[in-house]
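Colleague: I'd like a close look at one part of this model, and then at how the rest is put together. Please take it slowly and spell out the terms as you go.

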Amino acid sequence: MLNISSILEEIKKTPYTDLSVRAPHTGTLVFTDINEGDSVNSSSGQWQEIPGTKIATITREKNPKPILATQKGFLQKLHMKYNNSFVEAGVEIAVLRHFLSKQEVVHILLQKALHLFNAPERAKYYFAPDIDKKLKISGHKNITVTDGMDLFIVSRMKREIPLAYHGPEGLIYEVYFEQNQNVDAGKPLIGICPPDQLSIIEDVISRVYHEWQEQE
Amino acid sequence: MELAKNLQQLTERLNYIRDIFGGKHQDDINLLSSRLEEFRHNIETQANINFDEGLTTLEDLFFFMEAKLENKLTPMDNVRIVRHPQRICLRDILENVYDNYTEIGGQDEHTNDPAVLIARAYITRKRGKKSYNQSVMVIGHEKGHGEEFRNGGSAKPWGNAKALHYMHVAEIEGIPIHSYIFTPGGDPVEDYPGAGQQIAKNIYKMAGLSVPVVALFSEGGSGGAEALSLADKRLMLSHGYYSVISPEGAAAIEGRLKRGERASAELIENCAANLKLTAKDNLSFGYIDQVLQEPTLGARPYHFDFFRTIRQEIIRATDEIVLNTKGFSLFRINQLRRLRDTETNLDDTYINWHLPKSLRSDLVENRQNKFLRMSKGSFINRQSMLGALSDAWTEQWREVYNRLVYDFFHRYRRTYTNFLEEATAEWETIKTRAKKPFKSAYNKVRRIDTTAQQELTSLSKWDRADERGGWNWVSTRAKEDKSVTCPNAKTHGCLDLWTPDLYNEFAGVCTTCGHHFSMEYQWLMYNCFDVNSLYEFNSEWEAGNPLDFPTLDQRIKDAQEKTGLKSGCITFEARIDNIKNVVAVLVAPFRGGSVGAAEGAKLISAIDRARRKRYPLIIYSHGTAGIRIQEGTHGVIQMPRVTIAIRRYIRAGGLYLVVYDTHSFGGPVASFLGCAHYQFAIRSSNLGFAGPTVIKNTTGIDVAPDHHNCYKALSRGHIHGVWDRRDIRMNVKQALLTMGGRNLYYR
């Protein structure tokens with residue numbers, strides 16, 4: 001049986017992810033006026049139209065190209081030895097430390113604790129009418145699914161076929177898709193939680209929401 | 001009770017003065033404030049005393065100070081006056097100027113756009129004992145007195161569409177239109193059919209409205225005002241303004257402010273003064289016909305005498321339009337003389353406002369000529385006297401030649417040709433039937449043409465000269481040894497492009513995603529049209545500085561040196577596969593392709609040339625930022641002027657084609673470009689009424705980065721196709737052969 005509390009404790013020990021920033025291609029690298037420890041932002045705005053913080057410029061064939069931060073965090077390491085020098089493609093030029101937000105921690109926990117049922121092909125997915133009705137009345141956490149149960153309708157090019165659930169019996173803890181939106185093959189549709197673990201998971205999740213200190 | 005009411009009125013007058021002077025003349029305002037407080041204190045503390053004398057003294061002081069401050073009004077103060085909630089609005093005018101009215105097209109907030117108010121109204125006039133109700137269609141902007149849902153009088157596209165609809169109704173019913181302009185500008189929301197597109201439609205329609213139109217300006221903000229103001233008579237309130245842009249907008253451009261930054265009060269004041277936006281200025285330029293003198297510090301709803309002035313002048317203007325259209329008989333000259341006498345009470349006279357159908361075309365022509373005569377001296381024409389005379393002679397000769405060739409010779413030739421074509425077709429049918437048995441026998445025994453067979457069954461050969469470069473004109477950027485990144489590289493995985501390839505062979509098109517990098521205007525000029533077929537005219541017409549706007553002379557000079565052009569518009573004749581065209585290009589590198597008086601005049605001349613010669617007309621917007629704001633109303637008046645010329649051209653049976661490239665915004669899109677029946681865009685171009693920063697500053701709405709993309713304009717129905725730059729010649733040729741124009745010379 002999965003010990004979700006121990007997973008949380010592990011995350012707490014290292015509440016961040018270190019992202020390696022690499023040269024996208026060969027070229028002459030020039031760092032901007034930025035130092036180790038400086039905070040950086042990812043792209044933002046309603047349409048992600050505001051670019052992230054510029055870390056360096058790489059120039060190939062007189063074509064200067066900015067290297068931007070892809071996550072919010074701070075610069076854990078900056079390989080200044082490459083400044084004003086030629087670098088190969090894929091060379092690590094900086095390490096960006098990104099602190100996990102509450103949502104990210106919950107996402108990691110659920111990914112490990114739940115059984116994920118994935119989309120077999122790119123299509124639009126709907127719940128079967130009887131399930132959909134129950135879902136609207138009592139919420140998805142009260143619906144128990146069993147192996148072989150006709151759970152979904154797959155809609156592709158206006159043709160609809162039923163899709164049965166295969167996996168352990170449990171409650172639908174999380175729904176990852178939206179109606180009328182295409183889901184790529186391999187992406188999770190639902191997360192199933194064994195009934196005996198529901199209270200434990202909910203407890204840990206609520207602890208995350210109450211106790212997790214988001215770091216800048 | 002009466003005293004309290006009077007005190008309340010004085011308090012409102014004081015607040016009004018405080019608001020419109022924006023922190024200036026504090027000594028005078030403090031004096032009024034202290035006297036008012038003192039008087040109020042006396043009322044509260046001293047009972048059973050007659051305060052009438054004190055009140056009269058206080059009122060006299062208010063009148064004196066208002067008269068004193070009236071002389072100190074600056075243009076920016078006028079802007080604050082027209083924007084003040086206490087300013088008269090269209091509803092006040094409907095209540096006090098007309099004898100009866102019914103609001104149509106919606107009521108209060110229950111309408112598609114509360115910023116535009118439409119009403120059927122009538123004015124009662126008397127002749128002797130008999131009275132006449134003269135119906136009019138009242139169309140205008142309604143600011144309300146600060147009502148939030150009125151959007152400050154900024155009409156949305158559907159508001160302008162509503163106005164256009166009721167212009168049609170007025171035309172059907174044959175009643176005059178009274179148009180009231182109370183708008184800071186059009187709302188820049190790009191919904192169907194697009195803010196600029198709808199304004200263009202309105203201007204185009206008004207250029208040919210066959211009923212008298214009188215416009216009264218209070219706040220005439222750029223394109224929004226032009227959508228309702230192309231009128232036979234344009235009146236203006238003395239404290240109003242009529243401008244190409246708001247002073248704040250001009251300050252943001254002049255101060256090169258970024259999104260969210262605010263201009264200083266001093267810069268805004270300077271811009272308001274430099275734009276020369278007051279009624280007096282516009283009267284001197286000739287863009288309005290008459291100024292109506294308002295009460296001191298601007299008209300407010302309790303100035304009932306002023307509404308009588310508006311009524312008299314509106315009647316006078318409508319009478320004059322009707323009489324001038326009907327022509328001059330002895331009787332009408334007398335009527336006109338009586339009209340011009342300001343002492344005459346026009347309610348006691350009667351002139352029928354109905355125009356017979358036979359005179360309606362005269363009315364339209366008078367209106368069009370009036371606008372085409374405007375702003376003639378607002379640019380520099382360095383053409384020699386001899387050159388001008390020669391051009392005038394050529395134009396006249398061309399007129400005579402065209403009448404002879406197209407109206408006389410071709411008409412009879414067409415009759416003869418039609419007969420000949422029918423006879424030939426009949427003969428061919430008989431011949432084919434007679435030959436049929438012999439032909440099938442011949443086909444059985446003839447040798448198979450192996451060359452034709454090979455051509456049809458093998459792959460095409462790729463040895464054409466244009467497969468590798470082969471363009472007639474190549475950008476100088478193709479000589480640089482460097483590479484560039486496509487803006488879509490992140491989403492489409494485009495590879496870097498080497499500029500000698502990109503700007504030569506690829507014609508500025510990304511080979512992965514098809515993104516079109518901007519190219520120089522010469523690329524299209526020399527690659528779309530036949531080699532050595534370009535003949536430029538009016539190149540001596542030069543952009544000027546009609547308002548003496550500070551530093552504009554130097555900026556024009558810099559642009560001239562940078563581009564080698566005299567103005568932001570190039571006009572020329574050119575051929576495509578021997579089809580002759582008149583072409584105008586708005587050149588983006590010259591002051592952003594902005595249109596001023598010189599560009600407007602060149603466009604009108606080119607349109608007129610196309611009309612006379614019966615050539616198709618192509619306007620290529622290489623890029624335009626809008627109307628050149630530093631030319632003020634000299635610039636904005638080009639919107640109706642050029643649209644009128646376009647209307648004349650289209651009505652004369654021409655084919656008008658617009659091609660957008662790079663970025664096209666503002667007044668040109670909202671008038672002469674947007675009114676074209678056939679509009680196309682080069683891929684990756686952006687077009688709309690106002691750019692993202694202006695939309696954010698005026699409405700507070702963030703717009704998506706692709707909000708103005710040509711495909712969005714295509715989805716809205718603004719344009720009719722998106723063309724690949726490399727196929728431009730083929731597409732233009734196709735358009736020339738398939739679209740519009742009954743009177744084109746090659747038809």
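Modeller: Helices (H or I, at least four residues) and strands (E, at least two) are DSSP runs, numbered from the N terminus. Keep in mind that this is a predicted model, where local features need pLDDT of at least 70, side-chain atom pairs count only at pLDDT 80 or more, and totals for chains, interfaces and linings use all residues. Residues are numbered from 1 along each chain as its sequence is written, chains are lettered from A and ligands numbered from 1 in the order in which they are written, and side-chain values use heavy atoms, with hydrogens and water left out.

How much of these two side chains shows? Trp397(B) is partly exposed, with a relative accessible area of 46%, and Tyr401(B) is partly exposed at 34%. Here buried means under 20% relative accessible area, exposed over 50%, and partly exposed in between (1.4 Å probe, protein chains only).

Both belong to a nonpolar surface patch, together with Trp393(B), Val400(B), Leu404(B), Phe408(B), Phe409(B) and Tyr412(B). Together the patch members have about 950 Å² of accessible area, an area from the Shrake-Rupley method with a 1.4 Å probe, in which only the protein chains shown count as cover for residues. To join a patch, a residue needs over 30% relative accessible area and no salt bridge; nonpolar side chains (Val, Leu, Ile, Met, Phe, Trp, Tyr) are joined within 5 Å and like charges within 9 Å. Leu404(B) also lies in helix H15, which covers residues 385–445 of chain B. Leu404(B) counts as partly exposed because its relative accessibility is 49%.

Now for the charges. A salt bridge is a side-chain nitrogen of Lys or Arg within 4 Å of a carboxyl oxygen of Asp or Glu. Salt bridges link Glu395(B), Glu399(B), Arg403(B), Asp608(B), Arg611(B) and Arg612(B) into a network. Over all chains, the count comes to 56 salt bridges.

One of them joins Asp77(B) to Lys24(B), at 2.9 Å from N to O. That pair connects distant parts of the chain, 53 residues apart: Asp77(B) is in helix H4 (residues 75–83), and Lys24(B) is in the loop between helix H1 (2–20) and helix H2 (26–45) of chain B. Asp77(B) is buried at 0% relative accessibility, whereas Lys24(B) is partly exposed at 23%.

Next come Arg316(B) and Glu313(B), whose side chains meet in a salt bridge of 3.2 Å, N to O. They share helix H12 (residues 304–326) of chain B and are three residues apart, about one turn. Arg316(B) is buried at 7%, and so is Glu313(B), at 9%.

Asp530(B) and Arg729(B) form a salt bridge too, with their closest N and O atoms 2.9 Å apart. Asp530(B) is in the loop between helix H19 (521–528) and strand E11 (535–537), and Arg729(B) is in helix H26 (residues 728–738) of chain B, so the pair ties together parts 199 residues apart in sequence.

Let's turn to rings. Rings of Phe, Tyr and Trp (its six-membered ring) pair if their centres lie within 6.5 Å; planes under 30 degrees apart count as stacked, over 60 as edge-to-face and the rest as tilted. The whole structure has 18 aromatic pairs over all chains. Among them is Phe74(A) with Phe99(A), stacked at 5.9 Å centre to centre and 25 degrees between the planes. Phe74(A) is in strand E6 (residues 73–78) and Phe99(A) in strand E8 (residues 92–99) of chain A, so this pair links distant parts of the chain, 25 residues apart. Phe74(A) is buried at 18%, and Phe99(A) is buried at 13%.

Finally, step back to chain B as a whole. It has 26 helices and 20 strands, and 53% of its 747 residues count as buried. Its C-alpha atoms fill a box of roughly 130 × 70 × 55 Å, taken along the principal axes.
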